[in-house]
Amino acid sequence: MKDARALTGASLLEWRRQQLLRGGRAVDFDWLLDLSGGISWSSLQRLRIDPGRTVHPNCSLGVLEDQWNQHIEKTIPLQHIVGLCPWRDVELEVSPAALIPRQETELLLDLAVERMERTPVKRWADLGTGSGALAVVLSREWSEAEGHAVDSSSAALSLAGRNLKRCVPLHHCRLHRGSWWEPLRAWWGQFDLVLSNPPYIPSGQIAGLHPVVRDHEPHLALAGGEDGLDAIRRVLADAASALSPGGQLLLEHHHDQSAAVLELMEKAGLVQREAVPDLQGVLRFAIGCRPGVESA
Ligand SMILES: C[S@@+](CC[C@H](N)C(=O)[O-])C[C@H]1O[C@@H](n2cnc3c(N)ncnc32)[C@H](O)[C@@H]1O
């Protein structure tokens with residue numbers, strides 16, 4: 001049967017050029033072409049070398065044009081339009097209910113794996129789980145451990161639940177609605193590993209964010225109060241009680257909060273504090289742990 005969507009590489013490349021003349025970034029257009037059209041970046045490179053090749057997109061060019069229009073005209077994130085976001089080695093469902101997981105947050109997991117290399121993890125928590133991105137990867141990495149994912153938004157928790165089911169069918173992660181450590185009181189003193197990417201944007205900076213973020217990501221996932229540190233203060237306030245002796249807390253924070261977060265960690269009684277840069281060299285993560293039995 002004839003494939004109505006088949007076209008030559010040359011036609012596809014010319015169509016792509018026309019779309020980009022209307023606005024937007026090539027990197028985003030190619031992301032859409034891959035996720036929605038099923039044409040990967042490497043296939044595009046092959047078509048450039050051999051434009052006579054036939055290509056078969058997953059959907060019509062009209063559908064892709066419509067999706068691109070929504071992105072450039074209404075600044076809707078492409079991830080919301082497609083409903084998916086590849087993150088580490090998983091493909092997560094995304095929606096306006098929760099922050100689109102960011103690439104830098106992937107590093108938080110690498111740091112956790114590094115820190116826990118020689119330490120068993122019986123119980124972990126993800127505070128402010130959003131889409132469940134961290135909880136999904138923690139569930140895969142420590143598949144025998146008991147996991148707890150907390151969020152104050154029930155819409156975010158439903159999304160996290162779907163992502164856990166989709167990516168880790170046999171997971172041991174419980175979902176809790178509430179504020180930070182509060183719903184986990186029954187397990188205080190028993191968390192060996194806790195990750196959190198809390199909201200940390202100072203109130204005065206929200207209006208200046210790019211519209212794709214400001215107008216489409218949940219305010220609850222962004223707003224960190226006047227200095228951006230409200231949520232981090234709350235998380236640190238109970239950290240030494242909730243972590244197990246020697247338990248590790250890994251936080252993501254804004255690009256200029258490293259010194260302040262380390263100071264808050266010190267006040268909270270956490271030891272072995274460390275500031276860690278992201279791939280751009282910006283100090284973006286803070287790690288600390290509850291003193292172990294021998295140093296208590
Ligand atoms: C920056 S987003 C991070 C989402 C996800 N962990 C990630 O890294 O992509 C922060 C999350 O914290 C949640 N949150 C805000 N206030 C909270 C609170 N008081 N208690 C628990 N979660 C909260 C928001 O709903 C949001 O899902």
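This is a predicted model: local features need pLDDT of at least 70, side-chain atom pairs count only at pLDDT 80 or more; totals for chains, interfaces and linings use all residues.
Which of the 23 residues around the ligand come nearest?

View 1. Gly128, Gly130, Ser152, Asn197 and Ala221 come nearest among the 23 residues around the ligand. Helix H7 (133–141), strand E6 (146–151) and helix H11 (219–222) are the elements that give two or more residues to this shell. Sorted by class, the shell has 13 nonpolar and nine polar residues, together with one charged residue.

**View 2. The open sheet of seven strands.** The strands follow the order E7-E6-E5-E8-E9-E11-E10, and their pairing is mixed. Strand E7 (173–177) and strand E10 (271–277) stand at the edges with a single partner strand each, so one side of either strand is left without a neighbour in the sheet. On average, and with direction ignored, neighbouring strands of this sheet are turned by 15° against each other. Helix H8 (residues 154–167) packs on the sheet, where it touches E6 and E7, and the direction of H8 makes about 170° with that of E7.

**View 3. The pairing of E10 with E11.** Strand E10, which stands at an edge of the sheet, pairs with strand E11 (residues 283–289) in the antiparallel sense, and five bridges join the two. Within this pairing, Val271 stands opposite Cys289 of E11.

**View 4. The two sides of helix H14.** In helix H14 (residues 258–267), the buried residues are Val261, Leu264 and Met265. Seen down the axis of H14, these buried residues fall within an arc of 105°, so they line one face of the helix. The face turned away from this buried side carries Ala259, Glu263 and Lys267, which are exposed. Helix H12 (230–237) and strand E9 (243–252), as well as E10 and E11, are included in what covers the buried residues of H14. Just after H14, Gly269 takes a positive phi of about 85°.

View 5. Of the 296 residues in the chain, 38% are buried. Among the contacts in the protein chain with a separation of 6 or more, 68% are accounted for by residues 24 or more positions apart.

Conventions
Residues are numbered from 1 along each chain as its sequence is written. A residue is near a molecule or strand if its C-beta atom, placed from the backbone, lies within 6 Å of it. Helices (H or I, at least four residues) and strands (E, at least two) are DSSP runs, numbered from the N terminus. Ala, Val, Leu, Ile, Met, Phe, Trp, Tyr, Cys and Pro count as nonpolar, Asp, Glu, Lys and Arg as charged, and the others, Gly among them, as polar. Two strands pair if DSSP finds at least two bridges between them. Axes are lines fitted to C-alpha atoms, for helices over the stretch in contact, and angles run from 0 to 180 degrees between N-to-C directions. Two residues are in contact if their C-beta atoms, placed from the backbone, lie within 7 Å. A residue is buried if 20 or more other C-beta atoms lie within 10 Å of its own, exposed if 12 or fewer, and partly exposed in between; C-beta atoms are placed from the backbone. The arc is that of the directions from the helix axis to the C-beta atoms.
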